[in-house]
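Dear colleague,

I am passing on the structure we spoke about, and my notes on it follow below. Please read them with the coordinates open beside you.

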Amino acid sequence: AEAVRLAQLAADVLTAQPGPAGPPVTAGTDAGRQLVEALVSAYRNWEVELTAWFHHHPDPRHRAFLVAAAALEGAPAGRVLSAAEALDARLAGTDAPPASLGHAGVRTLVETVDAYLDDDHMVRYRRARYAEAVLDFVITDRADTFQRELWRWVSELPLRGGQRRGPVDRALATRSAELVLHTALRRRTPEILSQVAPAWSRRAGLRGALVHVLGIAALSPEIGAAVRQQLYRWAQGSSNPAVLIAVAEVCGGEFADFYVEQAMVRLGHLARHDIAEVDEAVLTALAALWRRPALRQPVLLRLAHWLADDQPRRAALAAVALNLLGRPEQPRAGDGPAHGPVDPAHGPADQPTGPQAPVRQPDRVLAELVVATPVVQDAIGVALGRVLDVRQLPGSVEALLHRWCDAAAAAPGLVDALTHVLGRTVTAGPAAARRVARLRALLTAWPATDDPARQAELRRHLVDQLRRANPIAACPRPAPLLPSLLSSAAEEL
C-alpha cells in the first residue's frame, strides 16, 4: 500500500512541478533534487513546511484564506476570498467584516499562502496534494470545537452569500460533497458526515449531495460499518424530519443492493415516527426497491414483519405500501407504455393487443406471491392474521384485501396465491373462528366489480376455503354424549 501511495505521490509531484525541457532530469541535477525534496515533503504531508508557515503567519485572515483555498482549490478567487472571510468571522464569533481597502486583496493573499491564480483567475496551490495537507494540519492541530466549526462552515459553502435560505450553488455543492467524502474516507472519520448532515438535509438542493455521500460512505471499506450504524441511530432516534428523509433516500438507493435487510430495518424504524413527510419518503424508497426484482421477496418478508407489528401505525403503513406496490407502475417520460408483470392466468400471446385494447395488469404484489417462497407466502398470511385480531381493523388493510380480491377475480392465476394467504391468516394462532368471521365480513363488503358472476363465484370459493382452513370447523365432531348414554341405558333395561 505504501508503494502504491509513493508512486501516486511521485506522479502528482511531476504533474505539479514538471522538469525543464532538455536533457533528462536526474537525482544529481538541481531539478532532480527539487523533485526528490518535493516528493519527500509530500510523503510527509508537508508538515515541516506548514509548521514553519503557521509560525511566520499569525494573522487569522491569512490563515483563514489558507484553509479556504485548500477547501475550494480550483474555485474562483472571489469565492475563495468570501469563504475565507466567512470562516474568519465564524471562528472569531462576529459578523463578517465589511469590505475594506485596508485589508490585503486576493493577489496578496494568494502569494502569502504559496498559491497562484491560473489563467481563469482560479486559486491553485503549486505543491502536490498541498490542499489535503493543509486540512489535515489544521484538523490535527486544533481542538474538537474548531473541527465542528470547520465542517459547519464547509456545509454552508454552497449557499450563495452565506444565507441559509439563499440559492444553492450547484458547482460548490458538488465540490463540497467531494471534499467531505474524500476527507472522511482518507482520514477514516465518519463523524464529519454527522457535522454536515443537519444543514444539507434541510435543503432540497443539498440533500441529493448528502444522500450521495452517505450512500458511498456506507458501502466503503474504510468507514462503511460506522456509517451504517449512524444511519441506524438516525432512523431510530433522530427528531429531525429532514435527516430522517435523507436516511430513507439512502435506503432506497444503491445501499439496498448490498444490504437490503439493513435498509429495510432502517426504513422500519422510520415508519414508527408518525411524521407524514417521512412516511412519504419511506413509501418512495420502497417503490424504488420494488423496481428491482431481486429485492422484491426480501421486501415482502420485511413488510410482513411490519404488518404484524404491535404498533398499529406501522402495520397500517405496511398495508399502504403493499397496496401501492401492487399497482401497475406508471410509465416514465420516454419509456412508452407501463410495463408490469405478465398475467399468470394467460401467456404473453393471450394479452390484449392493438392500439384500442387496454392491457390489464394484475396486482404486482399478488403476482409476486405466486412465485414467492412458502416462507414469504406464510409470513404475509400470518401477519394478516395478526392484523385481524385487533379491535379496529385499519382501513388500509381492508382496502388491500379488497384489491387482492379484485385482482384474483380478474386473473384466475392469482386465486391459488390469494387462497393460500387467506388460509394462513386463519391457521396462524388461536381465535381462528374470529378471523374467519372478519374475513367473511370483508368478503361480504367487497365492492361490486365489472363481472358480478365471477365475483360471486370467487366469494363462494374463498368462503368455502376459509371454512376448510378453520381448524375447529375442519375437525370431525364427536357423537353427542347424552344421546349415547340414553341409548346404553335403554339397552340395559
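Predicted model: local features only at pLDDT ≥ 70, side-chain atom pairs only at ≥ 80, totals over all residues.

I begin with Ile216, whose place is in helix H11, the run of residues 204–219.

Arg129 and Asn45 are 84 residues apart in sequence, yet 8.0 Å apart in space from C-alpha to C-alpha. Arg129 has a relative accessibility of 28%, so it counts as partly exposed.

For the protein as a whole, the secondary structure comes to 26 helices and two strands. Of the 493 residues in the protein, 44% are buried, and among contacts with a separation of 6 or more, 66% are between residues 24 or more positions apart.

Two packed helices are described by the angle between their axes and the distance between the axes.

Helix H10 (residues 191–201) packs against helix H13 (residues 241–251) at an angle of about 100 degrees, the axes being 8 Å apart. Because the range from 65 to 115 degrees counts as roughly perpendicular, H10 is described as roughly perpendicular to H13. The residues that meet are Ala197, Pro198 and Ser201 from H10, and Ala242, Val243 and Ala246 from H13; by class, this contact has five nonpolar residues, one polar residue and no charged ones.

H10 also packs with helix H12 (residues 224–237), where the axes come within 10 Å and cross at roughly 40 degrees. H10 and H12 are therefore oblique to each other, and their crossing is right-handed. Here Leu193, Ser194 and Ala197 in H10 meet Val227, Gln230 and Trp234 in H12, and the classes represented in the contact are four nonpolar, two polar and no charged residues. Ala197 is listed both in the contact of H10 with H13 and in that of H10 with H12.

Helix H15 deserves a separate paragraph. Eight of its 11 residues are buried, so H15 is largely enclosed by the rest of the structure. The buried residues are Val260, Ala263, Met264, Arg266, Leu267, Gly268, His269 and Leu270. What covers them includes H12 and H13, together with helix H14 (255–258), helix H16 (276–290), helix H17 (296–307) and helix H18 (312–326).

Within H15, which spans residues 260–270, I looked at His269 in particular. Its relative accessible area is 16%, and since buried means under 20%, His269 is buried. Which residues does His269 contact, once its neighbours within four places in sequence are left aside? They are Tyr232, Ala235, Gln236 and Arg314. With Tyr232, moreover, there is a polar contact from side chain to side chain, at 3.3 Å.

Arg188, found in the loop between helix H9 (170–187) and H10, has a positive phi of about 55 degrees although it is not a glycine. Arg188 has a relative accessible area of 54% and is therefore exposed. Asp274, in the loop between H15 and H16, likewise has a positive phi, of about 60 degrees, and is not a glycine either.

With best wishes

Note on methods:
Residues numbered from 1 in each chain as written. Heavy atoms only, no water. Helix = DSSP H or I, 4+ residues; strand = E, 2+ residues; numbered from the N terminus. Buried < 20%, exposed > 50% of the residue type's maximum accessible area, 1.4 Å probe, protein only. Polar contact = N/O pair within 3.5 Å; in protein donor to acceptor, adjacent residues only side chain to side chain. Contact = heavy atoms within 4.5 Å. Axes fitted to C-alpha atoms, helices over the stretch in contact; angles between N-to-C directions. Parallel < 35°, antiparallel > 145°, perpendicular 65-115°, else oblique. Nonpolar A, V, L, I, M, F, W, Y, C, P; charged D, E, K, R; others polar. Left-handed = near helix turned anticlockwise from the far one by under 90°.
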